[in-house]
Amino acid sequence: MRKILTIDHGNSSVKVNVYEGSGDVTSLRMEELCIEAVAELVERVRPDGIVYAAVGKTDARMLESVSRLDGNVLVVTHATPLPIGIAYGTPGTLGLDRVAAAVAAAAMFPDETLLVADAGTALTADIVSADGVFMGGNISAGVRLRLDSLASHTAQLPRVLPEGRLPIYGKDTETALRCGAVRGAAAEIAYTAAAGQCSRIVLTGGDAALVANALCQMTSMPLDTVDDLVGKGLLRIYEHNEDN
C-alpha cells in the first residue's frame, strides 16, 4: 500500500503526516522547521509521494531538500489545481492552510454547506458551499494570541492560560479574560455559521477542543472536530493532481 507524506508549514508549527490507505501511520510535530528531522522520517518510511504547503513564503531549504527525494513531489501554490472552486476576491492572498482545510471538509461532507474553522494562531471561519466552492470567511486572532496580546499591551491585565475554569461569564479577572477569548472565538464561529446558512461546522486546530466545548453551548448545528484537517486536505490535493 502506498504512502503519501504531507508537510503543513503553519504559522507556529510544522506538521508532518504520513498517510497509508485511509489512516495516518506516522506523525511529526515541530515548533520550527527541521530539515534533518523530516529527512530522517522520509528515509524511514520511504513515501511514494510528498506534498508541501506553507502559510507564508515557501521555505527554500525545504524545497531543495524535498526535490532530492525519491517519489513525486507536489509543492502546493495558488496555481495548483484544486478539487474545489474558489470564489474569493483575492485568491493570490488566500492562505493555503485555509484552502487545504476546505478541501478536506468538502470531501468528508459532500453536498453540505460547511463552516470550516481552524482554531490556531489565527482563528479562521470559512464557508464552503454545498457544490464545493470556497466562498470566503473571516480571520481574527486565535485564542492564545488574544490572551497574549492583552497581557502584552495593557498595564495590569495578567497573562492567562486558555485552559482552566470557563464559566458562562467571568467571575474574576482570570476567568473574564479566558471567557472573553474562548467564548468570543466560539461566538464568532457560531455567528458566521448561522449567517452563512451552514448545515455543519467542521473544526480543527490546536485549540479546537477548547473552542468546541464552548461552541456546543451556543448552537445545535452539527459539529465535527477533525484532527489534522489541513494535512488531510493536502493529501486530497495530491490525489486530485495525480488523477489529472
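Visitor: Where is the place of Asp 228?
Guide: In this predicted model, Asp 228 sits in the loop between strand 11 (223-225) and helix 7.

Visitor: Which residue has a phi near 55°?
Guide: Gln 197 has that positive value, and Gln 197 is not a glycine.

Visitor: Where does Gln 197 lie?
Guide: Gln 197 is in the loop between helix 5 (173-195) and strand 10 (200-204).

Visitor: Buried or exposed, that Gln 197?
Guide: Exposed. Its relative accessibility is 69%, and the cut-off for exposed is over 50%.

Visitor: New topic. What follows helix 1?
Guide: Arg 46 does. The phi of Arg 46 is positive too, near 50°.

Visitor: Which residues of helix 1 are buried?
Guide: Ile 35, Val 38, Leu 41, Val 42 and Val 45.

Visitor: What does the face turned away carry?
Guide: That face of helix 1 carries the exposed residues Glu 36, Glu 40 and Arg 44.

Visitor: Back to Val 45. Why does it count as buried?
Guide: Because its relative accessibility is 9%, and buried means under 20%. Val 45 is in helix 1, which covers residues 35-45.

Visitor: What does Val 45 touch?
Guide: Lys 3, Val 18 and Thr 26, leaving aside residues up to four places away in sequence.

Visitor: How far is Val 45 from Asn 244?
Guide: In space, 26 Å from C-alpha to C-alpha. In sequence, Val 45 and Asn 244 are 199 residues apart.

Visitor: Let's do cavities. How many of 30 Å³ or more?
Guide: The count comes to 1. The largest cavity has a volume of about 40 Å³.

Visitor: Which residues line the largest cavity?
Guide: Asp 8, His 9, Ala 53, Ala 54, Val 55, Leu 96, Asp 97, Val 230 and Leu 234.

Visitor: How do they split by class?
Guide: The lining has 6 nonpolar, 1 polar and 2 charged residues.

Visitor: Which elements each supply at least two residues of that lining?
Guide: Strand 1 (3-9), strand 4 (49-54), helix 3 (96-108) and helix 7 (229-243).

Visitor: And which domains give at least three residues each?
Guide: Domain 1 (3-75) and domain 2 (85-231) each give at least three residues to the lining of the largest cavity.

How values were computed
Residues are numbered from 1 along each chain as its sequence is written. This is a predicted model: local features need pLDDT of at least 70, side-chain atom pairs count only at pLDDT 80 or more; totals for chains, interfaces and linings use all residues. Side-chain values use heavy atoms; hydrogens and water are left out. Helices (H or I, at least four residues) and strands (E, at least two) are DSSP runs, numbered from the N terminus. Buried means under 20% relative accessible area, exposed over 50%, partly exposed in between (1.4 Å probe, protein chains only). Contact means heavy atoms within 4.5 Å. On a 1 Å grid over the protein atoms alone, a cavity is a set of points where a 1.4 Å probe fits but cannot get out, and a pocket is an open set with protein on both sides within 12 Å along at least five of seven lines; lining residues have an atom within 4 Å of a point. Grid points are joined across faces, edges and corners, and a volume is the space filled by probe spheres set on the points. Ala, Val, Leu, Ile, Met, Phe, Trp, Tyr, Cys and Pro count as nonpolar, Asp, Glu, Lys and Arg as charged, and the others, Gly among them, as polar. Domain bounds come from an automatic or database domain assignment.
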